[in-house]
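Welcome, and take a moment to look over the sequence and the model shown below. We will walk through them together, one place at a time.

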Amino acid sequence: MKVSELYEELKQDLYRFARTISRNEQEANDLIQDAMEKSLRCTELLDWPRHKQKAWFYRVMKNQLIDIRRKEKRETDWDDSVIPPFTTAGTSYVEMVDLLSKLPASLSDLVFKHFWLGLTSQEISEKVGVPASTVRYRIRLAVKS
């Protein structure tokens with residue numbers, strides 16, 4: 001038996017499961033595609049009984065969805081809370097350097113790392129050695145001033 005034959009046998013069940021755990025049809029299709037790609041690398045899958053094969057696909061899709069949700073949370077957790085005033089003000093690079101120079105060095109460094117280097121508060125906290133919540137607080141403080 002080939003993986004393509006296995007997919008044809010399981011595709012209705014896989015789609016139904018993926019659709020129930022995901023937000024939309026496109027995400028469900030992505031989960032199924034990722035699971036199929038992984039199944040091509042798992043050589044012993046075809047030797048297993050049908051119920052174990054189906055369980056393997058379900059577990060792979062569920063784990064992939066968990067990874068996607070974690071990534072989305074990391075990307076949107078901080079970005080929505082602070083909107084820098086200079087993005088809408090249309091300031092130039094020279095003006096931005098001037099604004100950063102008016103801040104204390106510690107705050108200027110945090111703002112630079114977050115908005116120019118694109119680091120998250122967790123990444124900055126690991127580099128600076130303070131809690132991520134403190135980094136977020138200090139960036140908000142810098143943006144307000």
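Which kind of contact joins the side chains of R23 and E72? They are joined by a polar contact of 3.3 Å. Keep in mind as you look that this is a predicted model.

To find R23, go to the loop between α1 (3-21) and α2 (25-41). R23 has a relative accessibility of 57%, so it counts as exposed. Setting aside its neighbours within four places in sequence, R23 is in contact with R69 and E72. These two partners also meet each other: E72 forms a salt bridge with R69, with the closest N and O atoms 3.8 Å apart. Both E72 and R69 belong to helix α3, where they are three residues apart, about one turn of the helix. E72 has a relative accessible area of 27%, so it is partly exposed. R69, at 22% relative accessibility, counts as partly exposed too.

Now for another salt bridge, this one between the side chains of D13 and K54 (2.9 Å, N to O). Here the pair links distant parts of the chain, since D13 sits in helix α1 and K54 in helix α3, 41 residues apart. D13 is partly exposed because its relative accessible area is 21%, and K54 is partly exposed because its value is 26%.

A further example can be found in helix α5 (residues 93-102), which holds both D98 and K102, four residues apart, about one turn of the helix. Their side chains meet in a salt bridge (3.6 Å, N to O). D98, with a relative accessible area of 38%, is partly exposed, whereas K102 is exposed at 61%. Salt bridges that share partners also join R23, E27, R69 and E72 into one network. In the whole model, the count comes to nine salt bridges.

In soluble globular proteins, nonpolar side chains tend to be buried together. The largest nonpolar core here has 17 residues, and among them A18, L45, W56, F57 and M61 touch the most other members. Helices α1, α2 and α3 (50-77) each supply at least two residues of this core. What does M61 touch, leaving aside its neighbours within four places in sequence? M61 is in contact with L14, F17, A18, I21, L31, I32 and A35. There is also a second, separate core of seven residues, including L110, I124, V135 and V143.

While you are looking at the inside, find S39 in helix α2. Is S39 buried or exposed? Its relative accessible area is 1%, and because buried means under 20%, S39 counts as buried. Not counting residues up to four places away in sequence, S39 touches V3, L45, W56 and F57.

Which residues make a nonpolar surface patch of about 290 Å²? They are F112, W116 and L117. With a relative accessible area of 36%, F112 is partly exposed.

How values were computed: Residues are numbered from 1 along each chain as its sequence is written. This is a predicted model: local features need pLDDT of at least 70, side-chain atom pairs count only at pLDDT 80 or more; totals for chains, interfaces and linings use all residues. Side-chain values use heavy atoms; hydrogens and water are left out. Buried means under 20% relative accessible area, exposed over 50%, partly exposed in between (1.4 Å probe, protein chains only). Contact means heavy atoms within 4.5 Å. A polar contact is a pair of N or O atoms within 3.5 Å; within protein, one must be able to donate a hydrogen and the other to accept it, and residues adjacent in sequence count only if both atoms are side-chain atoms. Patches are made of residues with over 30% relative accessible area and no salt bridge: like charges are joined within 9 Å, nonpolar side chains (Val, Leu, Ile, Met, Phe, Trp, Tyr) within 5 Å. Accessible areas come from the Shrake-Rupley method with a 1.4 Å probe; for residues, only the protein chains shown count as cover. A salt bridge is a side-chain nitrogen of Lys or Arg within 4 Å of a carboxyl oxygen of Asp or Glu. A nonpolar core is a set of buried Ala, Val, Leu, Ile, Met, Phe, Trp, Tyr and Cys residues joined through side-chain atoms within 4.5 Å.
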